[in-house]
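Subject: A structure for you to look at

Hi there,

Here is the structure I promised to pass on. Have a look at it first, and then read my notes below.

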Amino acid sequence: MGTMMKKIKTFFQLPYVCWTVKMSYYLLILLGLLMIYGFKTTNSSAFIYNEF
């Protein structure tokens, strides 16, 4: 089992694997934020400067 962990560790230390994992992680965060905040309509709240 020790050799399997070493193989997994060396696999995740490869530059392209590390880049792909990080890119997927940040893309999921961005998509999650878009799902939470991005699809609200612009008319959902009153405009602050209506009196000017």
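To begin with, how many helices and strands does the chain have? There are two helices and zero strands. Please keep in mind that this is a predicted model.

Next, the surface. Of the 52 residues in the chain, 2% are buried. The chain's accessible surface is about 5,500 Å², and carbon and sulfur atoms account for 72% of that area.

Which residues form a nonpolar patch on the surface? They are Tyr25, Tyr26, Leu27, Ile29, Leu30, Leu31, Leu33, Leu34, Met35, Ile36, Tyr37 and Phe39, and together they have about 1,300 Å² of accessible area. One of them, Leu30, sits in helix 2, which covers residues 15-38. Leu30 counts as partly exposed because its relative accessibility is 48%, and that class lies between the cut-offs of 20% and 50%.

Now for the rings. A pair of aromatic rings is described by the distance of the centres and the angle of the planes. The model holds two aromatic pairs. Phenylalanine 11 and phenylalanine 12 make an edge-to-face pair, with 5.4 Å from centre to centre and 75° between the planes. Phenylalanine 11 is partly exposed at 42% relative accessibility, and phenylalanine 12 is partly exposed with a relative accessible area of 44%.

Enjoy exploring!

Best wishes

Terms used:
Residues are numbered from 1 along each chain as its sequence is written. This is a predicted model: local features need pLDDT of at least 70, side-chain atom pairs count only at pLDDT 80 or more; totals for chains, interfaces and linings use all residues. Side-chain values use heavy atoms; hydrogens and water are left out. Patches are made of residues with over 30% relative accessible area and no salt bridge: like charges are joined within 9 Å, nonpolar side chains (Val, Leu, Ile, Met, Phe, Trp, Tyr) within 5 Å. Accessible areas come from the Shrake-Rupley method with a 1.4 Å probe; for residues, only the protein chains shown count as cover. A salt bridge is a side-chain nitrogen of Lys or Arg within 4 Å of a carboxyl oxygen of Asp or Glu. Helices (H or I, at least four residues) and strands (E, at least two) are DSSP runs, numbered from the N terminus. Buried means under 20% relative accessible area, exposed over 50%, partly exposed in between (1.4 Å probe, protein chains only). Rings of Phe, Tyr and Trp (its six-membered ring) pair if their centres lie within 6.5 Å; planes under 30 degrees apart count as stacked, over 60 as edge-to-face and the rest as tilted.
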